[in-house]
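Let's take a look at the aromatic rings in this one.

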Amino acid sequence: MVDLLRIQRLLRGITEELSFLDGEARAGAERRSDPIWLRGVKYSFVAAIEAGVDTAQHLCASAGWGPPADNGDAMRLLGEHGVLEPELAVGLRQAVGFRNVLVHDYADVDDAIVVARLEDLSHLRQFVSAVARYVVGEERRTESD
């Protein structure tokens, strides 16, 4: 059974990180020159994507669609079962790969790629919307049973 409070908390966390990243996408040159700026952006990406992974893993476990082979596979399974559009699931698998690079190869990350990712946060936004729709639908189905 889906833990609605957990999903809400995770989606709220993603939304908060997206709000921060939106603001940082508009940051001027002076702010971006601060060495801590890029660290904050990287951390927010990691936190947002990790909350998405936690959400996907929970939904897969609750519905009996797993276990996923890895975190990217959890996104694939959400696409396979109609929680996410297939194209979005592919984009989110790539986001999980980006998160893995940020976490495991931190020193070797091309900072230009991180900054470029600020320009399009749509996959994470779409993830929040799709999961919220799915959870509301599940809640309605459960109530009608």
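Is Trp65 buried or exposed? With a relative accessibility of 17%, Trp65 counts as buried (under 20% relative accessible area; exposed is over 50% and partly exposed in between, using a 1.4 Å probe and protein chains only).

## Ground rules

This is a predicted model, where local features need pLDDT of at least 70, side-chain atom pairs count only at pLDDT 80 or more, and totals for chains, interfaces and linings use all residues. Residues are numbered from 1 along each chain as its sequence is written, and side-chain values use heavy atoms, with hydrogens and water left out.

## The Phe45–Phe98 pair

There are two aromatic pairs here (ring centres within 6.5 Å, taking the six-membered ring for Trp; planes under 30 degrees apart are stacked, over 60 edge-to-face, the rest tilted). Phe45 and Phe98 make an edge-to-face one, at 5.3 Å between centres and 85° between planes. Phe45 sits in helix H3 (residues 35–63) and Phe98 in helix H5 (residues 86–104), so this pair ties together parts 53 residues apart in sequence. Helices are DSSP runs of H or I, at least four residues, numbered from the N terminus.

Phe45 is buried at 3% relative accessibility, and Phe98 is buried at 8%.

## The Trp65–Tyr134 pair

Trp65 and Tyr134 have ring centres 6.1 Å apart and planes at 55°, so they count as tilted. Trp65 is in the loop between H3 and helix H4 (71–80), while Tyr134 belongs to helix H7 (residues 122–144), so the pair links parts 69 residues apart in sequence. Tyr134 is buried too, at 14% relative accessible area.

## A charge over a ring

Back to Phe98: Arg117 lies over its face, 4.3 Å from the ring centre (the cut-offs are NZ of Lys or CZ of Arg within 6 Å of the ring centre and within 35 degrees of the ring normal).

Notes: Helix = DSSP H or I, 4+ residues; strand = E, 2+ residues; numbered from the N terminus.
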